[in-house]
Amino acid sequence: MKNVENKRGVIITACIVIFVFLFTLIAEKVAPPSWNMLFMVLKKGSIYVLIAVSMNLLNGFTGLFSLGQAGFMLLGAYTYGIFTIPVEDRASVYQYFDGGLIQFTIPVPLALILSGLVAAFFAFLIGLPVLRLKSDYLAIATLGFAEIIRAIFQWQALGPITNGSNLLRKFPVFNSTIAYFGVVGICVTIILLLINSSYGRAFKAIREDEVAAEAMGINLAKHKMLSFCISSFFAGIGGALLAMYQTSVQAAIFKSAMTYEILLIVVIGGIGSISGSIIASFLYIACSEWWLRFLDQETSLAGPQRSRFIVVMAVIFVILLVPMIIRIKKPKGKPVALYGAGAAVCGIVLGWLVYYALTGQTKIPLLRNGFRMVVFSVIIMIIVLFFSQGIMGTKELPDLFKEKKASGDAGKEVAG
Amino acid sequence: MPGLKAFVAAVFGGIGSIPGAVIGAFIIGISEDIVKGLEAMLNMVGISSNIGLATFSDAVTFALLIIILVVKPTGLFGEKATEKV
């Protein structure tokens, strides 16, 4: 660690990572069943971490805007499923295709690596004509290839291998969260080491200015193809892990909507920041699966505290509404939109209170099945509008724990 | 999905050319429906085939796009804009 300038930040980050691993290892053994939701979120979040980091490698570090991740995930998931279904179960899974064509199995770690290799191979074939295109056309071309791959895997004529449009199931799965964390941890470490090497610096040079990079002697085609293949390798492994999490593989799930989810996670976390993708992935999965669930249930205020609660709420919101409206006329430092939004929220709550006073119904309106997605979308829009650099921008987690130098030292460094 | 295919049709015809967009859209739309009905047409003619080509109707749109992007990246009627360094 002699050449690392930010030793304190790296050590603190390593301690945090080790603590998280130990926490999941121990908590899974002793936790009560009511914690199941937490472990589900951790498993799915870690899978999306791997895929988001692979997309960040391609999009944030090399500057190639590609939307084909769902296709490579599909390839990885199917490869894992096809080669690990036990031979005695094949007849029941491939029931319309006489037991299927492939009648041997491969051990699980080997199958994971094979799924990555198959995805990387197809990325190599796709990249040959496509990587010379500019950003928008590259996005559409890779999106097109993902759709073509999905159509091929749903084709009935390939049924003996892929089971057509039916599910692939009964393959071995990982049951514990720590197994997912282990695989994802190894893969993210490899990507980190790659980014901090000379290949990583070449990728960043290509992202900044392709013409200048080529003038400095970087072989554009070779490095773009390398980045594309490595990103698809890890997307393939991520697809195999997703197959394990869902215990079934079906081509219809891997639509382009999944790619847009991953792109959203990358943008929210910060394009060009690995720790941003990790944090944003867990936050996204937690918000969409767990934390906003209470918005889907119809609730009503009932009980003896009801009238007191209503009166208190009415007083609070009237008190809040008046200064909001005043501040809209004379904003002090914060943007006017903030006060406008605050006034709107107060107005809505007061409107509901008036509705209650008139009719006596205590059901909180709008809280029904599906409202969770509306709130989720609004939250995402606010993040993208007001925090457009993402949660972490281009910084990594160790940068947050840097030692603050006194300004006098900086002056001496420059002068001396 | 229809919006995506509209973008594909515009790129196929050439960005920056309105007649190109019209012709590109017609070609893409008609090819997609030909693929959907290809097996029925072949069965009518006498060649019996049952391999389920209808699943490739979406795929043929993107296959045409990739062919045009590889052969003529500016589209059928597009103009080449010179790149300033």
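This is a predicted model: local features need pLDDT of at least 70, side-chain atom pairs count only at pLDDT 80 or more; totals for chains, interfaces and linings use all residues.
Two chains are in contact where their heavy atoms lie within 4.5 Å of each other.

**Where the chains meet**

Chain A brings 18 residues to the contact, and chain B brings 19 residues. Between them, the two chains bury about 1,600 Å², and 81% of this area is on carbon and sulfur atoms. On the side of chain A, the residues that lose the most area to chain B are A:Tyr137, A:Ile140 and A:Trp155, which together make up 34% of what that side buries. Helix α6 of chain A, residues 135-153, gives the largest share of the side that touches chain B, with 10 residues.

| Between chain A and chain B | Count |
|---|---|
| Salt bridges | zero salt bridges |

**A nonpolar patch on chain B**

Which helix supplies the largest share of the nonpolar patch? That is α2(B), with seven residues. Helices α2 (18-36) and α3 (38-45) of chain B each supply at least two residues of the patch.

One member to pick out on your screen is B:Ile27, which sits in helix α2 of chain B. Is B:Ile27 buried or partly exposed? B:Ile27 counts as partly exposed because its relative accessible area is 33%, which falls between the 20% limit for buried and the 50% limit for exposed.

Notes:
Residues are numbered from 1 along each chain as its sequence is written. Chains are lettered from A and ligands numbered from 1 in the order in which they are written. Side-chain values use heavy atoms; hydrogens and water are left out. Helices (H or I, at least four residues) and strands (E, at least two) are DSSP runs, numbered from the N terminus. Buried means under 20% relative accessible area, exposed over 50%, partly exposed in between (1.4 Å probe, protein chains only). Buried area is the accessible area (1.4 Å probe) that two parts lose on being put together, summed over both. A salt bridge is a side-chain nitrogen of Lys or Arg within 4 Å of a carboxyl oxygen of Asp or Glu.
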